[in-house]
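Please look over the model below.

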Amino acid sequence: EDDRLAPPHPYGVGKLAGEHYVRIYGELFGIQWVTLRFFSVYGPLQLGNIDKAGVVAKFIHQAHEGKPLTIYGDGSSLRNFTYVDDVVRCILLALDAPAALGNIINVANPKEVSVKDLAETVQVMTGATEITHEPAQQGDPPRNMPDTSKAKALLGYEPEISIEEGVRRTIEWYRTH
């Protein structure tokens, strides 16, 4: 949370700008604030059929449509996929944590999962027949390494939903909706 940030992609620049706005408004107008940085959130209701869809939703949608699961690059990129129920629980903890005020806190599942492993998990759970590869997307970092110790120390937060359980729940939601 305290590292100097230089996002390599406009998406990250926009998120960082939002953090600066929150901090400045807090300083100028005495507003109490806490910034929660979410990492690769996924779960029910996430659309997989839109441009720049989250990769979990995208893979599930592709499987549902009988299409190959498309990986950009070789699939070795690592992400900290965080199930939406865990994120909501963390938000609720932050609302009632005076020690969190004025802090930037990473909200992530500390377990790193490669995009290739995620695709294989979705493939097994859905019966998808094929995984294909496209060129890597420019500016996509090979790894995000969130330190989640502040979330644990200030909020008592630790994620409870594994990637396997979260993907299973998301697939089940997708099948019934």
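What follows is a short tour of a predicted model.

## Aromatic pairs

A search of the whole structure turns up four aromatic pairs. One of them joins Tyr42 and Tyr83.

Trp173 and Tyr174 form another edge-to-face pair. Here the distance is 6.4 Å centre to centre, with 70° between the planes. Trp173 has 22% relative accessibility, so Trp173 counts as partly exposed. Tyr174 has a relative accessible area of 18%, so Tyr174 is buried. The cut-off for buried is under 20%.

## A ring cluster

Ring pairs also build a cluster. Its members are Tyr42, Phe81 and Tyr83.

## Two helices packed together

Helix α2 (residues 55–64) packs against helix α6 (residues 163–176). The angle is about 45°, and the axes are 11 Å apart. The two helices are therefore oblique to each other. The crossing of α2 past α6 is right-handed.

Which residues of α2 and α6 make the contact? From α2 come Val56, Ile60, His61 and His64. From α6 come Val167, Thr170, Ile171 and Tyr174. By class, the contact of α2 with α6 has five nonpolar residues, three polar ones and no charged ones. Tyr174 thus has a place in this contact and in the ring pair with Trp173.

Terms used. Residues numbered from 1 in each chain as written. Predicted model: local features only at pLDDT ≥ 70, side-chain atom pairs only at ≥ 80, totals over all residues. Heavy atoms only, no water. Phe/Tyr/Trp six-rings, centres within 6.5 Å; stacked < 30°, edge-to-face > 60°. Buried < 20%, exposed > 50% of the residue type's maximum accessible area, 1.4 Å probe, protein only. Axes fitted to C-alpha atoms, helices over the stretch in contact; angles between N-to-C directions. Helix = DSSP H or I, 4+ residues; strand = E, 2+ residues; numbered from the N terminus. Parallel < 35°, antiparallel > 145°, perpendicular 65-115°, else oblique. Left-handed = near helix turned anticlockwise from the far one by under 90°. Contact = heavy atoms within 4.5 Å. Nonpolar A, V, L, I, M, F, W, Y, C, P; charged D, E, K, R; others polar.
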